[in-house]
Amino acid sequence: MLAGHIATLNVQQQVIDLLKKKNIDYRVVNRQNINQSSFSWADLILPIGGDGTFLLASNLIFNDKKPIIGINSYPERSEGFLLLPPKYTKRIPDIFEMLEAGHYRTLMRRRIRTTLQGDDIWDSPFHTHEKGRIIAGGKFYTQNSEKPTSKNLPKERRLPWLALNEVFIAETLSARTSDLLIKLDDNEKYHTVKSSGLCVSTGTGSTSWHKSINSVNPQIVREIINAVGDTKEFSKEEIQRICSSFNDTLRFHAEELKLCYAVRDMIVTDIWPVPKCLNPRGFCKKVTVRSQCFDAGLVLDGGIAVPFNFGVTVVLEMYPEDSLRTFVLPD
């Protein structure tokens with residue numbers, strides 16, 4: 001952890017020195033002092049760290065106009081899927097030379113719009129990185145004007161944050177079953193689903209939690225082959241290729257305007273059979289969920305969360321104007 005912190009400070013200082021040399025205005029912000037005003041004045045957002053830092057920064061970009069490009073400060077320990085290739089960590093000047101020369105492409109990463117409906121939808125958000133629901137630290141994630149001052153609160157609330165990876169819905173206590181009513185697109189009928197939660201992902205998120213939920217491993221593949229009675233002997237390499245081929249199909253492009261949902265650990269019994277019109281995983285344009293839970297959370301990108309309890313409905317959708325404008329440099 002200390003090594004990662006030192007590496008981040010080192011990259012940060014290199015960027016600062018370069019910006020000073022080029023006479024470019026900048027501000028340095030972190031988790032403690034970050035807020036919307038930190039971003040509103042800027043022409044470019046430059047998160048330095050790992051994918052978590054990138055997601056944190058993207059949560060405060062509310063339109064598809066402001067560009068973002070991230071530097072992986074510690075590629076030895078961070079995969080940095082959302083960030084520039086590791087070679088740029090030691091070639092900071094090259095980043096700005098390419099940007100100034102226009103040697104980059106724009107990737108519009110689609111994001112999920114979240115709209116709550118019903119009563120009790122104006123509770124304060126909290127952050128999953130904290131032990132409890134944040135109080136003093138919560139001002140970063142909330143906008144003072146978001147909650148109406150009127151006593152008659154509106155029955156609909158569009159969350160200001162847009163999910164870049166996924167929206168996850170479940171009881172906050174992971175050992176408890178999550179009871180959800182789910183319908184896809186414009187279907188009128190809800191399906192009752194008992195599970196460990198629902199994960200709705202973007203193309204960007206299809207390589208993250210979505211892939212972890214749905215991936216197969218060599219043990220599962222070999223047991224399936226044995227169960228069907230195939231007499232052929234598969235080598236370890238063949239089994240691994242089967243796994244890789246299937247797991248690669250779970251990924252789809254970040255610019256595709258579609259959602260991918262996955263029901264995590266769906267409970268299937270004689271009493272609770274698999275819904276006939278709802279597969280455990282699939283694509284759609286819109287997901288509507290009504291909570292039957294008692295202490296649940298609706299979590300955006302594994303960080304920002306809002307309570308999602310009995311009777312509250314959420315609509316998850318994707319619109320082009322909600323995309324995140326990211327700059328990509330050559331590998």
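Visitor: Which residues of α4 are buried?
Guide: In α4, Ile-92, Ile-95, Phe-96, Met-98 and Leu-99 are buried. Buried means under 20% relative accessible area, exposed over 50%, and partly exposed in between, with a 1.4 Å probe and protein chains only. Seen down the axis of α4, these residues fall within an arc of 160°, so they line one face of the helix. The arc is that of the directions from the helix axis to the C-beta atoms.

Visitor: What do they pack against?
Guide: The buried residues of α4 pack against α1, β3 and β18. Contact means heavy atoms within 4.5 Å. Helices (H or I, at least four residues) and strands (E, at least two) are DSSP runs, numbered from the N terminus.

Visitor: And what follows α4?
Guide: Gly-102 does, and its phi is positive, near 80°.

Visitor: Before we go on, what kind of model is this?
Guide: This is a predicted model: local features need pLDDT of at least 70, side-chain atom pairs count only at pLDDT 80 or more, and totals for chains, interfaces and linings use all residues. Residues are numbered from 1 along each chain as its sequence is written, and side-chain values use heavy atoms, with hydrogens and water left out.

Visitor: Back to β18. Which sheet is it in, and in what order do the strands run?
Guide: An open sheet of 3 strands, in the order β2-β18-β4, with mixed pairing. The edge strands are β2 (67–68) and β4 (105–109), and each pairs on one side only. Two strands pair if DSSP finds at least two bridges between them.

Visitor: How many bridges join β4 to β18?
Guide: There are 5, and the two strands run antiparallel. β18 covers residues 324–328. Leu-107 stands opposite Thr-326 in β18.

Visitor: Other strands, then. Is β12 covered or exposed?
Guide: Mostly covered: 5 of its 5 residues, 259–263, are buried. Leu-259, Tyr-261 and Val-263 point one way, Cys-260 and Ala-262 the other.

Visitor: What are the partners of β12?
Guide: β11 (residues 198–201) is joined to β12 by 4 bridges and runs antiparallel to it. β13 (residues 281–284) is also joined to β12 by 4 bridges, again antiparallel. Cys-260 stands opposite Ser-201 and also opposite Phe-283 in β13.

Visitor: Which residues of α7 are buried, and which are exposed?
Guide: Ile-239, Cys-243 and Asn-247 are buried. They cover an arc of only 65° around the axis, which puts them on the same side of α7. Glu-237, Arg-241 and Asp-248 are exposed on the other side. The buried residues pack against α5 (209–214) and α6 (218–227).

Visitor: What does Pro-85 touch?
Guide: Pro-330 and Asp-331, not counting residues up to four places away in sequence. Pro-85 and Asp-331 are 246 residues apart in sequence but 6.1 Å apart in space, C-alpha to C-alpha. Pro-85 lies in the loop between β3 (71–72) and α4.

Visitor: Last one. Which element gives the most to the lining of the largest pocket?
Guide: α1, with 9 residues. The lining has 47 residues, of which Val-29, Leu-46, Pro-47, Ile-48 and Thr-53 lie nearest the centre of the pocket. A pocket here is an open set of points on a 1 Å grid over the protein atoms alone, where a 1.4 Å probe fits, with protein on both sides within 12 Å along at least five of seven lines; lining residues have an atom within 4 Å of a point.
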